[in-house]
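Please read this briefing alongside the sequence and the model shown below. It begins with a question about charged side chains and then moves through the topics one by one.

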Amino acid sequence: MVSGEQGSGVGKGGGAGGHIRSAGGAFGKMEHAHEEQHFRKLVDSFLKCTTTIFHSPQLTNNFLLSIQQDEQLKGMKDHLKDAVEQHEKEIQHHEEAIRRHREALEKHKKGINKLSEGDSSDDDDKK
């Protein structure tokens, strides 16, 4: 047995992969081969699934449509958020204009009252 090979035992480069592999020898090598085969099957199965998914025109189209819909929804959400912010700014602008107009109206009412009072006192002076 060559030292440093997988399955050659603990302290010989094979690592501690369980009791059989720890002992080394032919059984250790066989155990290592079985583990390698198991992981190769897992990888092959994974690749087969992903290949099937991404090479299936219907699944690929559905996936791409899903991505496009997500992007469209995000765009719509951003657009609506911007529109809401713009409307809120307009509301503030209009509220400020209303406040200014009310102040001007009060100022004019006071001016009218002063003029009315002044006219009343002039009428009293004339009598």
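Which residues are linked in a network of salt bridges? They are Glu-96, Arg-99 and Glu-103, where a salt bridge is a side-chain nitrogen of Lys or Arg within 4 Å of a carboxyl oxygen of Asp or Glu. This is a predicted model, in which local features need pLDDT of at least 70 and side-chain atom pairs count only at pLDDT 80 or more, while totals for chains, interfaces and linings use all residues. Residues are numbered from 1 along each chain as its sequence is written, and side-chain values use heavy atoms, with hydrogens and water left out.

**Overall build**
- The chain contains three helices and zero strands, and its pattern along the sequence reads α-α-α; helices (H or I, at least four residues) and strands (E, at least two) are DSSP runs, numbered from the N terminus.
- Of the 127 residues in the chain, 7% count as buried, a term that means under 20% relative accessible area, with exposed standing for over 50% and partly exposed for values in between (1.4 Å probe, protein chains only).
- Among contacts in the chain with a separation of 6 or more, 12% come from residues 24 or more positions apart, a contact being heavy atoms within 4.5 Å.

**Surface**
- The accessible surface of the chain amounts to about 11,000 Å², and 59% of that surface belongs to carbon and sulfur atoms, with areas taken from the Shrake-Rupley method with a 1.4 Å probe and, for residues, only the protein chains shown counting as cover.
- A nonpolar surface patch is formed by Val-43, Phe-46 and Leu-47, which together have about 300 Å² of accessible area; patches are made of residues with over 30% relative accessible area and no salt bridge, joining like charges within 9 Å and nonpolar side chains (Val, Leu, Ile, Met, Phe, Trp, Tyr) within 5 Å.
- Phe-46 lies in helix H2 (residues 25-55) and counts as exposed because its relative accessibility is 54%.

**Salt bridges**
- The structure holds three salt bridges, and in general side chains of opposite charge can pair when their charged atoms come close.
- Lys-74 pairs with Asp-78, their closest N and O atoms being 3.1 Å apart, and both residues lie in helix H3 (residues 57-126), four residues apart, about one turn of the helix.
- Lys-74 is exposed at 54% relative accessibility, whereas Asp-78 is partly exposed at 34%.
- Arg-99 meets Glu-96 in a salt bridge (2.2 Å, N to O) and forms another with Glu-103, with the closest N and O atoms 2.4 Å apart.
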